[in-house]
Amino acid sequence: MALQAQNEMRALLLHLRPIYLSGEPLHEGLVRLIEELKKKSNINFNLDLDEVEVSQSKEEHIFRMVQEALSNILRHANAQNVKVELKNKDQEIFIHIDDDGVGFKADEQLEQKTSYGLQTMKERCEEIGGTFRIKSQEGHGTYIDIRIPK
Ligand SMILES: Nc1ncnc2c1ncn2[C@@H]1O[C@H](COP(=O)(O)OP(=O)(O)OP(=O)(O)O)[C@@H](O)[C@H]1O
Ligand SMILES: [Mg+2]
């Protein structure tokens, strides 16, 4: 319980002190964010991050989405391994965030009007013309797939 409380507190701090990209490239911002998280958790992170060619404002949106996804993992997933991929394709940017934690009923949560994290992630994604998909099952981890057109 203490560990859980500690994780929640750390995620909360992360949540309340959003780090902005402030001009640095997205992949560098993500490395910095995840280095910070490594110090504060026992999660093993596996990163595969391309340099991407999108506007500054899209980079900021993507950064905030990844931040929320990681914040959720810290607070809710009890995961051991997290994989974060940022891939630069011809027409699109792919972002995958994968955890091996407890999982949840994603469809039900997205419809709930009481919590905003996932809802905001989806809206943010659609605002920049992207698609947001989340796959999760209780006991089988969570997989988030985001595609943003360039
Ligand atoms: N990676 C995850 N692993 C397990 N459960 C998750 C994960 N991400 C989200 N959830 C579940 O989905 C719920 C909704 O997530 P959401 O981010 O919308 O809200 P929240 O994190 O509870 O609150 P907030 O509005 O502060 O983000 C969470 O309460 C949690 O039960
Ligand atoms: Mg959340």
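A residue counts as buried when its relative accessible area is under 20%, as exposed when over 50%, and as partly exposed in between, with a 1.4 Å probe and protein chains only. The model is predicted, so local features need pLDDT of at least 70 and side-chain atom pairs pLDDT 80 or more, while totals for chains, interfaces and linings use all residues. Residues are numbered from 1 along each chain as its sequence is written, chains are lettered from A and ligands numbered from 1 in the order written, and side-chain values use heavy atoms, without hydrogens and water.

N72 is buried at 15% relative accessible area, and E68 is buried at 13%. These two residues coordinate the magnesium ion (ligand 2) through OD1 of N72 and OE of E68, at 2.0 to 2.1 Å. Donors are N, O and S atoms within 2.8 Å of the metal (3.2 Å for Na, K and Ca); water is not among the atoms, so sites may look incomplete. Both residues belong to helix α3, 4 residues apart, about one turn. Helices (H or I, at least four residues) and strands (E, at least two) are DSSP runs, numbered from the N terminus.

Helix α5 spans residues 117-127, with L118, M121 and C125 buried. Viewed down the axis of α5, the buried residues fall within an arc of 60°, so they line one face; the arc is taken from the directions from the helix axis to the C-beta atoms. Their cover includes α3 (56-77), α4 (106-111), β4 (131-136) and β5 (142-149). After α5 comes G129, with a positive phi near 80°.

Note on methods
Contact = heavy atoms within 4.5 Å.
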